Structure formats: structure tokens, C-alpha cells
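Me: I've got this model open and would like to go through a few spots with you. Could you start with how you use your terms?

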Amino acid sequence: MEASGKLICRQRQVLFSFLLLGLSLAGAAEPRSYSVVEETEGSSFVTNLAKDLGLEQREFSRRGVRVVSRGNKLHLQLNQETGDLLLNEKLNREDLCGHTEPCVLRFQVLLESPFEFFQAELQVIDINDHSPVFLDKQMLVKVSESSPPGTTFPLKNAEDLDVGQNNIENYIISPNSHFRVLTRKRSDGRKYPELVLDKALDREEEAELRLTLTALDGGSPPRSGTAQVYIEVLDVNDNAPEFEQPFYRVQISEDSPVGFLVVKVSATDVDTGVNGEISYSLFQASEEIGKTFKINPLTGEIELKKQLDFEKLQSYEVNIEARDAGTFSGKCTVLIQVIDVNDHAPEVTMSAFTSPIPENAPETVVALFSVSDLDSGENGKISCSIQEDLPFLLKSAENFYTLLTERPLDRESRAEYNITITVTDLGTPMLKTQLNMTVLIADVNDNAPAFTQTSYTLFVRENNSPALHIGSVSATDRDSGTNAQVTYSLLPPQDPHLPLTSLVSINAENGHLFALRSLDYEALQAFEFRVGASDRGSPALSSEAVVRVLVLDANDNSPFVLYPLQNGSAPCTELVPRAAEPGYLVTKVVAVDGDSGQNAWLSYQLLKATEPGLFGVWAHNGEVRTARLLSERDAAKHRLVVLVKDNGEPPRSATATLHVLLVDGFSQPYLPLPEAAPTQAQADSLTVYLVVALASVSSLFLFSVLLFVAVRLCRRSRAASVGRCLVPEGPLPGHLVDMGGTETLSQSYQFEVCLAGGSGTNEFKFLKPIIPNFPPQCPGKEIQGNSTFPNNFGFNIQ
């Protein structure tokens with residue numbers, strides 16, 4: 001099954017390759033060539049690709065032209081706006097190509113839409129920027145005095161990093177009478193000097209010579225380098241060593257270990273003795289050869305000094321010198337050819353990569369990459385694949401591959417894909433390279449925010465501080481990024497009379513709800529509104545939820561006494577007959593509380609009394625009753641302070657002050673004296689007190705006389721004129737106070753009060769019962785009685 005899948009994949013790759021090959025056959029057949037002089041400054045103009053490709057600027061930008069090179073080492077940069085191809089940096093030909101000539105940098109011009117590419121090459125032209133250099137600044141040449149004219153002596157050559165005509169052109173030597181120098185060329189094209197003997201030497205006449213060797217290149221102007229040649233004239237040794245063969249050819253695998261025997265060379269010398277003893281050495285070895293090979297000077301065995309690399313250098317030309325103990329030497333050449341092994345894994349060069357890619361999109365290009373292998377032959381052939389369980393596919397064209405989506409993707413199902421690109425060569429053993437990439441799926445706003453609850457119930461205690469945080473709403477969005485950023489808002493209330501904007505506000509970022517002002521339970525117990533959650537996508541999606549706010553009662557209202565009135569006017573006096581039985585209902589304190597629940601549960605207690613133990617207050621209904629029988633010794637006037645307290649936390653309270661007057665029946669005249677003067681009145685002078693005392697005694701005497709007369713008259717006429725009030729003649733206007741029954745006073749009663757018009761003291765003049773069926777003798781208002789008194793009755797107070 002796996003082989004069948006690979007076969008289908010390869011068939012698709014081949015078909016796609018032929019298709020692209022047909023579209024770009026003209027560009028692939030013959031590379032486009034460009035040139036640039038080395039050391040040219042970066043950003044220098046090379047060519048205009050738009051003109052070379054026959055594209056106008058708009059089409060050039062639309063087709064997404066790119067410049068790629070092997071190993072992704074770009075020495076060129078492309079101006080997308082103008083189409084100019086520019087140098088990316090200053091190029092050094094020697095660093096790029098060494099002695100290779102011509103120095104060509106190959107690259108591809110890639111057009112993405114539609115896909116098309118062209119092969120191109122940039123030739124770096126050498127300039128004469130290097131002088132010849134001798135590796136050995138001093139050379140020793142030993143010449144036998146028996147050497148005939150015309151004898152040649154090879155000298156060590158100079159090195160010049162330049163190539164072509166800028167390389168070494170010829171050698172010259174300082175003027176002398178014995179030697180001249182010839183310029184020779186080796187098989188690899190390099191030139192070396194050869195010393196020629198023009199005139200025979202005489203050691204006894206001149207034992208040594210000092211010459212200056214100069215190497216000149218062909219540049220304009222030419223550059224030169226010098227070395228000193230020391231010529232030592234030796235005694236006769238007329239036979240030089242000779243190699244068995246002048247040329248050796250060897251093949252060696254690049255994975256051969258260090259110390260591996262490459263070849264063994266052999267030379268012989270017909271001389272005898274020390275003149276026939278031969279030593280082997282590397283002759284005119286470059287730095288690379290000297291690092292790579294070594295030769296045994298006694299046996300001629302050539303061994304590896306370091307590992308070979310076929311991809312770096314495919315062959316070596318090694319010159320071997322065999323020198324006897326005298327002045328003669330022989331030369332041979334060993335050509336070492338390196339055999340490639342599969343020691344390089346394939347390389348993947350990413351040219352373009354797109355991440356994230358949008359969800360719900362059709363076939364989308366994710367990546368564009370090229371593959372290569374530094375090996376050759378079967379070792380350099382490559383196959384490419386990805387995992388089979390992913391919604392992606394590969395399309396190929398030569399060594400370029402395109403990674404595409406196979407179908408629209410859903411970010412909410414899977415937000416990212418880890419893709420492994422596996423590139424395998426066909427060598428033995430096969431080597432592979434894996435490139436891991438993570439493709440993120442970009443979100444599209446296709447999900448609306450969702451509240452965690454469809455409705456919320458919040459509680460807030462009244463009298464809250466403004467800007468109090470009373471609760472929160474929360475919504476989530478399955479999308480990501482700005483599409484998942486939720487903004488909260490208050491929606492217009494359904495009740496147009498609800499001042500929502502003055503009651504609450506919402507934090508748009510986190511959904512926190514705040515009370516804008518202090519709430520009053522007695523004015524508003526609950527209200528309801530809607531909140532909306534919108535994301536920041538385009539277009540934005542939204543949802544809504546209902547929030548109900550319940551206001552909790554706080555104990556913020558003190559009890560209010562309805563009866564008796566505590567408004568600072570003349571106190572209301574309750575009359576109690578001295579013959580009243582224990583438990584006699586004196587009056588009832590009536591109070592209300594604006595709160596609710598237990599905050600409005602009221603209790604009553606007697607806080608102060610003129611005579612403790614005489615009166616009591618029922619805790620639950622506020623009824624004031626006598627606690628025992630009254631006696632003649634009990635004072636006539638009593639002042640009671642009743643405390644009314646609610647059941648809140650902390651409790652709040654109010655007080656009610658009662659004035660009780662004990663009477664012998666309801667015909668006894670009485671004079672309700674005002675309370676003691678305030679503290680500040682007590683500070684008056686003694687003279688004021690004496691005047692008041694005298695007036696009080698006089699008034700009491702007059703009142704007693706009048707009361708006695710009234711009692712006698714009332715007793716005589718009770719049968720005929722019950723309920724009549726005898727009023728003394730004079731302008732004494734009567735006032736009837738009518739008190740209707742309230743919640744506190746369950747029964748009705750009435751009093752007739754007549755006050756002296758000009759006295760200014762509000763003193764009671766007369767008191768007698770009024771029979772309900774008879775009109776009072778003095779005009780006034782009626783005060784209806786309640787359960788304070790057992791039966792309906794009336795008083796006529798003058």
C-alpha cells in the first residue's frame with residue numbers, strides 16, 4: 001500500500017515536472033549570462049530582469065519574481081519595484097572560485113504566479129589585485145661543477161591568486177654570467193621557473209652565487225614578487241635518480257582513513273655510495289597538497305594526512321622528487337583521483353514559507369523549497385515526501401517543491417499542524433534529511449461570543465457607595481486574536497422609563513458591572529436590563545444576556561412615632577383615673593419603620609419614668625398600662641419616655657415622651673404645668689424664680705376655688721345637663737381636637753379643649769366628661785378615643 005502511494009506521488013511529480021518543463025523550456029535550455037568585475041561595490045547594477053524577461057513593471061511585481069541560488073547563498077538582490085538586479089555585497093573572485101576559471105555563480109530566476117523559472121549565471125571577472133608570492137623566499141640550488149652548459153634546474157614557482165592574464169606570466173633573474181631563467185608551463189597551466197646553465201661553473205673560481213628571481217604577472221600594470229636563489233657549486237656527481245615511471249595514476253575513495261597508503265613510488269640511481277642514496281620528497285607541493293599527503297623519504301610511500309572530500313576537490317596532482325646524496329634529482333607526477341561516496345545528506349533550502357494561513361480558504365500555497373545533494377550520480381538523486389495523515393500535498397518541478405493545502409481547514413478543530421518534510425537520496429546507504437515546520441491556521445471570525453449564563457441575578461445592598469462593583473458577566477469566543485476579544489455594553493432597556501444609564505455601568509473590557517449611584521430599597525427594589533457581548537472581528541458578531549439586580553434592604557430608617565406627636569408643640573396629656581385597676585390601658589405608642597423585614601420589626605420599652613414601677617409598656621404593641629393600683633400618695637403628673645427600637649443590625653431607635661395626669665374621676669380640675677425650664681433657664685436670677693412662684697401660688701388658689709364651684713354645679717345638674725361644660729364668661733375660644741382612629745388607636749374617642757384666648761399660657765381651665773349625644777357647651781374640635789379608654793367618652797377642657 002505504501003509503495004502504491006509513493007508510485008502515485010511520483011507519477012504526479014513527473015506530470016507536474018513535464019508541465020513546468022514545457023512552460024519554461026526556452027529559459028532552461030540556455031542559461032542567461034551576466035558578468036561583473038570582482039571587488040565591485042555592493043548594490044551595483046548588474047541587469048534589469050524585467051527587461052530581460054520581457055515583462056512590464058506591473059506584471060513583474062504581480063508574478064512575484066525571486067532570485068534563488070544553491071545553498072541559499074544569495075550574492076544578488078532584486079529590486080521588486082524597478083526590476084533591477086543588484087549586487088548584494090562586494091565579491092571576491094578568489095574567495096568564491098579560487099583558481100577555477102571562469103568563475104561562474106549559478107542562480108535561478110523564479111516566477112511564482114504562474115510558476116516558472118530560468119537558469120542564469122553570473123561570471124565574476126578577475127582583476128589584478130594580487131602580486132606573485134614565493135612560498136620560499138630563499139631557495140638553495142646545488143650545481144655540480146661538471147654540469148655542462150644547457151643544464152636546467154627547476155626552481156620553486158611563485159603563487160598568484162589571480163587567474164588568466166593576471167596570473168604569473170614569466171620569470172626573470174638578476175643579470176649574471178652563468179645562468180638564465182626559462183618560464184615553463186605544467187599540465188595544469190601553472191608556470192614555473194627553470195634555471196639554465198649557460199656557462200660551465202668552476203667551484204675553485206666561484207663556490208656560490210646569489211641571484212634574485214623575479215616573478216611577473218600579465219596584469220596592467222604588472223605585479224611582481226621576488227625570492228633569493230643561492231647556488232652552491234658541488235663536486236662531480238654525474239648521475240641523477242630516475243623513477244620507474246614518470247607518471248602514476250591512482251583512485252582513492254573519499255572515505256579512506258587517515259594514514260591510508262595511496263601509492264608507493266620508486267626511483268633508482270646508478271651511482272654508488274652516498275651519491276646513490278635516494279631520498280623522496282614532495283616537490284613544489286601547494287599548501288593543500290602538503291596538508292593532505294605525506295611521503296616516506298626512505299620508502300617513497302605516499303599516505304593520507306587528513307580526510308578527503310570529493311565535493312571539495314576531485315583530484316590531486318602531486319609532484320615527487322627523488323634526490324641522491326649528491327646534486328642530482330629525478331621527478332615524477334602522481335595523479336590522485338578521488339572517488340565519491342554517499343557521505344552528504346540531501347539539503348533543503350526554503351525559498352518561501354507562509355504561516356499562518358487563513359482557515360476556510362481553498363487550495364493555498366504554504367511553502368516553496370528546493371532540494372539538492374552535494375554527492376554525484378545515484379548518491380545525488382533525491383526523493384521528497386511528507387506524512388500521509390495531513391491535509392497537505394506536494395507538487396514538484398525539477399528540484400523545486402510546492403507544499404499546498406488539500407482542502408479548507410478549520411482552526412477551531414485544529415489550530416496548527418506539524419509537518420515533517422523528508423528528503424532521501426538514492427545512495428548506499430541512503431541518507432535523509434528531515435525539515436520540521438509548524439503551520440499555524442489563522443482565525444476567521446465565524447463564532448459569536450457566548451455568555452456563560454443566559455441570565456444573571458445580582459444582589460446589592462441599598463445605600464451602596466457610588467461606583468460599587470456589584471457583579472460581572474462573562475462571555476467567551478471560540479475564535480482567537482481580535483476575533484476573540486470580547487467587548488461588553490449595555491443594551492437599550494425595554495422599559496423606556498428605567499434610567500438605566502444613571503443606575504449602572506459596565507466595563508467594556510472585562511464585563512464588570514458597577515452601580516453608578518446609591519440605591520434606595522424603599523424607592524426601587526429590583527430592575528432588569530440586557531447586556532451585549534461583541535467581538536472585534538470584521539464583521540463583528542454579538543450575543544446578549546439578561547441581568548436582574550435585586551436591591552437588599554438596609555436598616556437605614558429609624559422608627560417614626562406617629563402617636564403621640566413629637567413635633568415640639570404642646571404636649572399631649574393622657575388622663576388616668578386614680579381608681580384605675582392594674583393593667584389599665586393608659587395609651588398606645590404608635591410607630592412605623594420605612595424599612596422591611598426584620599429591619600421593620602419594632603419593640604417597645606419604658607426608658608424613663610417619673611415613678612418607676614407605676615406604668616409598664618408592652619414590648620410588641622406599644623400599649624402603656626398601669627402596673628399596680630394607684631393611691632393618693634402617687635404624684636398627679638408623670639412623664640414617661642418610651643424607647644421604640646427596630647430589629648436591624650445595628651438597631652435604630654426613637655423615643656416618645658408621654659405626659660400622664662392622674663385625676664379623681666374626670667371632673668377634677670388640673671393644671672398641666674410645663675416641664676422644667678431648660679438648663680439655660682435654670683441659670684436665671686433668683687428674682688425671676690420668686691416672681692414665677694408667686695404667680696403660681698395665686699393661680700393655684702384661683703383654680704382651686706373655680707374647681708370647687710364647678711364640681712358642685714356639675715353634681716347638681718348631672719341628671720339634666722350631662723355632658724355640659726360650664727364656661728366662664730369672657731372671650732375664651734374653645735378648640736376641639738378630633739383624632740380619628742389609626743392603626744395604633746383601634747377605637748375612637750374625643751376631647752373638647754377650650755383654652756383662654758388671651759392668657760398665652762395654654763393652661764387647662766375646666767375638665768368634665770362630654771356625653772356623646774349632647775353637643776358641647778363650647779365650640780371646638782373633637783378628639784376620637786381609642787382603646788386607650790375602655791368606652792367612648794369626651795372631655796371638655798377649658
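Reply: When I say contact, I mean heavy atoms within 4.5 Å. This is a predicted model, in which local features need pLDDT of at least 70 and side-chain atom pairs count only at pLDDT 80 or more, while totals for chains, interfaces and linings use all residues. Residues are numbered from 1 along each chain as its sequence is written, and side-chain values use heavy atoms, with hydrogens and water left out.

Me: Is Asp 373 buried or exposed?
Reply: Asp 373 counts as buried because its relative accessibility is 7%; buried means under 20% relative accessible area, exposed over 50% and partly exposed in between, using a 1.4 Å probe and protein chains only.

Me: What lies 2.9 Å from a polar atom of its side chain?
Reply: That is the backbone nitrogen of Asp 375, 2.9 Å from a polar atom of the Asp 373 side chain.

Me: Switching to cysteines, how many disulfides does a search of the whole structure find?
Reply: The search finds zero disulfides, a disulfide being a pair of cysteine sulfur atoms within 2.5 Å. Cys 332 is buried, with a relative accessible area of 2%, and Cys 384 is buried at 5%.

Me: Now the sheets. What is the order in the open sheet of three strands?
Reply: The order is S36-S40-S39, with antiparallel pairing, and two strands pair if DSSP finds at least two bridges between them. Strand S36 (468-472) and strand S39 (504-506) stand at the edges with a single partner strand each, so one side of each has no neighbour in the sheet.

Me: How many bridges join S36 to S40?
Reply: Four bridges join S36 to strand S40 (residues 512-515), and His 469 has Phe 514 in S40 as its bridge partner. S39 and S40 pair over three bridges, also in the antiparallel sense, with Leu 513 in S40 as the bridge partner of Ile 506. The hairpin of S39 and S40 has five residues between the strands, and Gly 511 in that hairpin takes a positive phi near 80°.

Me: Which residues of S40 are on the covered face?
Reply: Leu 513 and Ala 515 form the covered face of S40, whereas His 512 and Phe 514 form the uncovered one. In a regular strand the side chains alternate between the two faces of the sheet.

Me: Last topic, the largest nonpolar core: how many residues has it?
Reply: The largest nonpolar core has 26 residues, and those with the most contacts inside it are Phe 451, Val 473, Phe 529 and Val 547. Such a core is a set of buried Ala, Val, Leu, Ile, Met, Phe, Trp, Tyr and Cys residues joined through side-chain atoms within 4.5 Å. Elements that give two or more residues to this core include S39, S40 and helix H7 (500-503).

Me: And what is Phe 529 in contact with, again leaving aside neighbours within four places?
Reply: Phe 529 is in contact with Leu 490, Leu 500, Val 504, Leu 513, Ala 545, Val 546, Val 547 and Val 549.

How values were computed: Polar contact = N/O pair within 3.5 Å; in protein donor to acceptor, adjacent residues only side chain to side chain.
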